[in-house]
Amino acid sequence: MYKVTVFSAKRYDKEYLIKSNRGNMLQFDFVHAHLSAETVMLAQHSDAICIFVNDIADNEVLQQLAQFNIKIIALRCAGFNNVDINKAKSLGIKICRVPEYSPEAVAEHTVGLILTLSRKFHKAYNRVKEGNFSLDGLMGFNLHNRTVGLVGTGHIGLATLKILAGFGCKLLCSDPTVNKDALALGATYLSLDELFQRSDIISLHCPLTNETKHMVDTHAINQMKPGVVLINTSRGGLIDTTALIDGLKQKKIAQLGLDVYELESDLFFEDLSDTIIDDDIFQRLVTFPNVLITGHQGFFTEEALTTIAETTVENLITLLAGQHSENQLV
Ligand code: NAI
């Protein structure tokens, strides 16, 4: 039996990983803490570790893991911007991930944010509960015939395009790699600048890299149509949050839907309802009446959690047996 320390473990991680642990080949040690230089020692004596989106596997953490002779990291997510891949490679640490578990889960959440903002479901829900049936302030807009620009047409971008095509939206895309399935849906590929200039609704579906960090900054927002709707279910670092707040204050951005936030690791996935939150930028964002934020729950469906757990267990067993996995990054 191999010992695997699972960082940032929640009740649902335990439930799904235990259910997927075929033949009980893995012995999980579930740890609530995020992985960081301060917590890495919790992994000592493990054969592998399993981490999530806000665990940090940087140079210092990787060196420490190598000293503990831990040479396998299984990401139970698709994005890997939180891992120093080159350092891992140089230390001989193998990294695997779950490249595709349910693009539809994130795509449906994305469209849920768009619809909630466009038809103000969140406001209507509260009003009706209080016996207020006035429609003042609830005016929406049709998605039919709206121009939607998607940045990134990989698994999630494509799944989102399919749904939006059903609504009768005009589809624009930007991605260095053209996806034939997106073209087949009638989408048009443009440069990022053109997409920003021509879209009524912009949704981000590309990974966070050095190149894409802060792709939505003041310059980008200045190019957007007045009244633009901006959605980010990808990674918080794609947006410069300070520029975003300026864009909202200037009324350039009419509606904002976020499932991710640049500094979410100090906030998301925890119940902080009894805590004073000292992130003033996040707290400012929450005050806008036209901003809707969910706490990184795009992936959070039964189907997605099942696939994530099954693939993670499979990845771990393959790498621990010294074999190569198709889900291996290095
Ligand atoms: P994918 O790898 O299938 O697609 C990403 C696409 O982005 C690729 O087609 C790539 O060519 C494109 N891309 C790369 N650089 C670009 C750039 N500079 N401009 C435009 N496009 C660019 O990834 P997938 O599965 O579609 O996931 C996308 C992102 O969604 C992930 O990187 C992750 O950050 C995020 N995600 C969020 C979740 C949530 O719960 N909110 C859950 C899963 C993923």
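**Strand pair, sheet, whole chain**

Select residues 147-151, strand E6, together with residues 170-174, strand E7: the two run parallel and are joined by five bridges. Strands here are DSSP runs (E) of at least two residues and helices are runs (H or I) of at least four, both numbered from the N terminus. Next pick Thr147, whose bridge partner in E7 is Lys170.

This is a predicted model, in which local features need pLDDT of at least 70 and side-chain atom pairs count only at pLDDT 80 or more, while totals for chains, interfaces and linings use all residues. Residues are numbered from 1 along each chain as its sequence is written, and side-chain values use heavy atoms, with hydrogens and water left out.

Now widen the selection to the open sheet of seven strands, which has parallel pairing and the order E8-E7-E6-E9-E10-E11-E12. Two strands pair if DSSP finds at least two bridges between them. At the edges, strand E8 (188-189) and strand E12 (291-293) each pair on one side only.

Show the whole protein as a cartoon: twelve helices and twelve strands make up its secondary structure. The radius of gyration, 21 Å, is close to the 20 Å given by the globule rule for 330 residues, so the protein is as compact as a globular protein of that length. That radius is taken over C-alpha atoms, and the rule is 2.2 Å times the number of residues to the power 0.38. The C-alpha trace spans about 60 × 50 × 35 Å along its principal axes.
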